[in-house]
Amino acid sequence: MAEGRDIEIVVAADAESAARIVAERLAEAARAGGHVVLTGGTTPKRAYELTPELEQDWSRVELWWGDERCVPPDDDNSNYGMAKKALLDNVDVAPRAVHRIKGELGKEEAAADYDRELDEARLDLLLLGIGPDGHIASLFPNAPTLRQRGRVLPAEAGLEPFVDRVTLSLPTLRGASEILFVVAGEEKADAVRRAFVEPPSPDTPASLVRAASGRTTVILDRAAAAKLEG
């Protein structure tokens, strides 16, 4: 473990180990209850697959998503669809509530709908991945959405698949009590360095997200952590 500017960095041996650490934290959250925000991505998907081995009762939890593509929930590109197959379909006791972003409504209507649903919910645990370009959720480098302060925002794609998006804003992400980044792979090493070593910059949206009054933890595999020093 190492301390960043205002973060704790945990380096796991490999992507599988990183996913298991995240699965353990999700199982803890399920037992504690509250509002948990999920993310897309390969390593989070593996964490979701591992979590039912650790905890089958999700009745204390309300689930949310940090962003979504404007596709139907059964589309292969749906973050909700991925989490449903990897996690929700494999637990005995379902969450108290599942708040998916209805991307099929289109980005403007889906964002407004999700904002109403979010209302005054206090987000307890927020998972985030990082793209090779340093983006988080659907907040892309130097995008206008980085300057917007609404809770939920319509957004355009910054990379494939090039479909419209809906995303939580920077202030909403920062408002979570605990932020847990999970990143694996050599192709993410540059972005990890920019996000957690170099000064904050809109060139790297991940560098702009820290829990405003809580805990920020970064789970990396060795490949993603390769450029943290030197």
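Predicted model: local features only at pLDDT ≥ 70, side-chain atom pairs only at ≥ 80, totals over all residues.

Does Glu62 count as buried or exposed, and at what relative accessibility?

Modeller: Glu62 has a relative accessibility of 15% and therefore counts as buried, since the cut-off for that class is under 20%. This glutamate belongs to strand S4, which covers residues 61–65. Its side chain is joined to that of Arg96 by a polar contact of 3.3 Å. Apart from neighbours within four places in sequence, Glu62 touches Gly34, His35 and Val36, as well as Arg96, Ala97 and His99.

Glu156 counts as exposed, because its relative accessibility is 57% and the class begins over 50%. Glu156 is placed in the loop between strand S8 (152–155) and strand S9 (165–168). Beyond four places in sequence, the contacts of Glu156 are with Lys107, Phe140, Asp164 and Arg165. For Phe140, which is 16 residues away along the chain, the C-alpha atom lies 8.9 Å from that of Glu156.

The largest pocket holds about 780 Å³ of space. Its lining comprises 37 residues, and Gly40, Gly41, Thr42, Arg69 and Asn79 are the closest to the centre. Helix H2 (42–50) gives the most to this lining, with six residues; strand S5 (67–69), helix H3 (79–86) and strand S10 (178–183) are also among the elements that each supply at least two. By class, the lining of the largest pocket consists of 13 nonpolar, 12 polar and 12 charged residues.

The second largest pocket contains about 170 Å³ of space. It has 11 lining residues, with Ile21, Arg25, Arg215, Thr217 and Ile219 nearest the centre. At least two lining residues come from each of strand S2 (8–12), helix H1 (15–32), S10 and strand S11 (215–221). Strand S10 accordingly contributes to the largest pocket and to the second largest pocket. Five nonpolar, one polar and five charged residues make up the lining of the second largest pocket.

A word on confidence is in order. The chain has an average pLDDT of 95, and 97% of its residues score at least 70. Residues 1–5, however, have a pLDDT below 50, although this stretch makes 14 contacts in the model beyond near neighbours in sequence.

Key:
Residues numbered from 1 in each chain as written. Heavy atoms only, no water. 1 Å grid on protein atoms, 1.4 Å probe; cavity = no way out; pocket = protein on both sides within 12 Å on 5 of 7 lines; lining within 4 Å. Points joined across faces, edges and corners; volume = space filled by probe spheres on them. Helix = DSSP H or I, 4+ residues; strand = E, 2+ residues; numbered from the N terminus. Nonpolar A, V, L, I, M, F, W, Y, C, P; charged D, E, K, R; others polar. pLDDT = per-residue confidence, 0-100. Contact = heavy atoms within 4.5 Å. Buried < 20%, exposed > 50% of the residue type's maximum accessible area, 1.4 Å probe, protein only. Polar contact = N/O pair within 3.5 Å; in protein donor to acceptor, adjacent residues only side chain to side chain.
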